[in-house]
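Please look at the sequence and the model together before reading the points.

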Amino acid sequence: MNAFSLAIKNLIRKPGRTAALTLLTAFLALSVFGGSLVVSSLQRGLHSLESRLGADIIVLPASAQSKVSFEKLLLQGTTGAFYMDASALDAVREVEGVEIAAPQTFLASLKADCCAVKVQVIGMDQETDFVVQPWIAQSYSRSLGDMDVAVGCKVEADVGETLRIYDENCHVVARLAPTGTGLDTAVYCNMDTMNHLLAAAEQKGVSHKITSDSEETISAVYVKVKDGYDIDQVNSKLNGHVRKATAVRTRSMLTQVSDSLAGVSRTVSLLIAAVWVLALIILLIAFAMMAAERRREFAVLRLVGTSRRGLCRLVLTESALCSLAGGLIGIGAAAAVVFPFTTLIETQLGLPYLTPDARTMLLLGALALGVTVLVGALASAWAALRLSRTDPGATLREGA
Amino acid sequence: MSLLELKNVSKIYGELKALDNVSIHVDQGEWVAIMGPSGSGKSTMMNIIGCMDKPSLGEVLLDGVDISKESSKHLTDIRRDKIGLIFQQFHMVNYLTAVENVMVSQYYHSMPDEEEALEALGRVGLRERARHLPSQLSGGEQQRVCVARALINHPELILADEPTGNLDEANENIVLDLFAQLHKEGTTLIVVTHDPEVAEAAQRTIVLEHGRVAREIINENFGK
Ligand SMILES: Nc1ncnc2c1ncn2[C@@H]1O[C@H](COP(=O)(O)OP(=O)(O)O)[C@@H](O)[C@H]1O
Ligand SMILES: [Mg+2]
């Protein structure tokens, strides 16, 4: 017989009260764990999108238009065409800290007779590309040949079909895995194909030349920064060194995505906060009711020599046991709700969504459990304090 | 030797003097009854002696220590170490069995010892009901458990506030017999009662009226 076994006996022999407290704390744990699971899945989705973009820095033509156009291309799937001189690529490579610089050239097809669909065509340099090819490799094991194209999952063309762009026939050899971004509406080819298409477009009067005598043009350079170099520093060096170009950190391009992510996070946080406040209030009421109900019991315990601290310890032990059990149940329930409905949540939110790994989930679970026990302890501490302050003599005198 | 001494003790509730300049003393090993009409201050006095309440004025010496000046934490210790309490109502912890109720008192005093707790229940004739919850015991039986709990830690002083007030004759006799035994063992007993028969079992009766000691009666027939 000690404070712990006393607590256990009370919990077991008052099953109704114990069940109610456990259920309440389970609800709290469910909301905390479920909510944080959704938020962290969204965060991981954003990170996966970042890695789909792959580069640390993207160098674009200096015009104000090009960055906006690129972001829209990325997020809304609109077409964009902006160019800079190919010499920019060499300038990028000269900057210290640049590990890989991979050029891409963009071409927008037309909604006209010459083109089957209006799409963004993206040509990449197969020698240096580290962004598109790993993605293509997920669905196509060879590299793109001349006049071969890989299409995003939202482009209406199947493997084996021919896609007409500026009256040139391109062979669809692969369909790419979905990313949930504007990249899903683009068509990808190698640089030779792109040059061929650029020439064809030129003939149709769609010019990509910056000046009449410029030979080669590119639209973007994807930069990977060497390990040990600060990305921001390399970024500003690039801005200083490469003329007529702007270097932008990839992360800052994802502001729209991270903004809506922040919106969802805020909503979820608010929801969790509301559940918290509600649970705290209900717990406070529950413990206050319990305190009233147990005044006599506590007076008796005081009279047989229990100190005030002993009573507080008893109440805290009881609530800790309840909220621990409730916390575990709630976390289990949250897992049972969130995991089977991952796809539904994903489509409902319209944001990249990736469930975190086991370690993170364990951490989230532990966090939710800690929070639940803490709230339980807080609510009961108040009741315990009140209980321990009551005068045992008076309580027993009035109670018949 | 005097175990307990009240010197000019008053307890004042606003206008009302529940105790009005009361002075009494109780010797070690003595068995004293307290009588008096309802509202005369009997319970108020017991609560003060039992370290549950403090007097407004005066001194209360228990074993030479003035408990009217002690901190409430220290009072808990004194109560736990020296005093066994019995009330008219049967105050058991309702989710603990009879033997557990006795052991709680042991736990906060020293060490729980189930065998000793069962023996104490044996003294009140409830050894075979040890595993029952309060809801499974009659009122008289619950009161006997409380008596067992009060004596488990061998207190110097047992304070009983109308212990037989809610008991039938049979249970009353069991409790009185036990008091007699405790008295023989040297325990000091102070028993508040309305029942002249219960008072007659004691060595001395103090009568309170309007918060004052009206008279004291020595029981010439004690032990006969
Ligand atoms: N906490 C209190 N507040 C105000 N008056 C009290 C309080 N406790 C007792 N009294 C009053 O003190 C007087 C003595 O009460 P009490 O000692 O319980 O009497 P008894 O036990 O002799 O019947 C009564 O008039 C009672 O109403
Ligand atoms: Mg009374």
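This is a predicted model: local features need pLDDT of at least 70, side-chain atom pairs count only at pLDDT 80 or more; totals for chains, interfaces and linings use all residues.

1. Residues are numbered from 1 along each chain as its sequence is written, chains are lettered from A and ligands numbered from 1 in the order in which they are written, and side-chain values use heavy atoms, with hydrogens and water left out.

2. Chain B contains 7 helices and 10 strands; helices (H or I, at least four residues) and strands (E, at least two) are DSSP runs numbered from the N terminus. Of the 224 residues in chain B, 57% are buried. Buried means under 20% relative accessible area, exposed means over 50%, and partly exposed lies in between (1.4 Å probe, protein chains only). The accessible surface of chain B is about 9,500 Å², and carbon and sulfur atoms hold 48% of that surface; such areas come from the Shrake-Rupley method with a 1.4 Å probe, and for residues only the protein chains shown count as cover.

3. Chain B also has an open sheet of 4 strands in the order β2-β1-β4-β5, with antiparallel pairing. Strands β2 (16-27) and β5 (65-66) of chain B are at the edges with a single partner strand each, so one side of each has no neighbour in the sheet. Strand β4 (residues 57-62) of chain B pairs with β5(B) over 2 bridges; two strands pair if DSSP finds at least two bridges between them. Within this pairing, Leu62(B) is opposite Val65(B).

4. Which residues of helix α7 (residues 231-241) of chain A are buried? They are Val234(A), Asn235(A) and Leu238(A). Viewed down the axis of α7(A), these buried residues fall within an arc of 105°, so they line one face of the helix; the arc is that of the directions from the helix axis to the C-beta atoms. Gln233(A) and Gly240(A), on the other side of α7(A), are exposed. The elements against which the buried residues of α7(A) pack include β1 (57-61) and α4 (87-94) of chain A.

5. Trp276(A), Val277(A), Ile281(A), Ile285(A) and Met289(A) make a nonpolar surface patch of about 480 Å². Patches are made of residues with over 30% relative accessible area and no salt bridge: like charges are joined within 9 Å, and nonpolar side chains (Val, Leu, Ile, Met, Phe, Trp, Tyr) within 5 Å. Val277(A) belongs to helix α9 (residues 255-293) of chain A and is partly exposed, at a relative accessible area of 48%.

6. Over all chains, the structure holds 24 salt bridges. A salt bridge is a side-chain nitrogen of Lys or Arg within 4 Å of a carboxyl oxygen of Asp or Glu. One of them joins Glu318(A) and Arg294(A) (2.6 Å, N to O). Glu318(A) is in helix α11 (residues 308-338) of chain A and Arg294(A) in the loop between α9 and α10 (295-303) of chain A, so this pair ties together parts 24 residues apart in sequence. Both Glu318(A) and Arg294(A) are buried.

7. In chain B, Arg204(B) forms a salt bridge with Glu216(B), with the closest N and O atoms 2.6 Å apart. Arg204(B) is buried, with a relative accessible area of 7%, whereas Glu216(B) is partly exposed, at 41%.

Terms used. Contact means heavy atoms within 4.5 Å.
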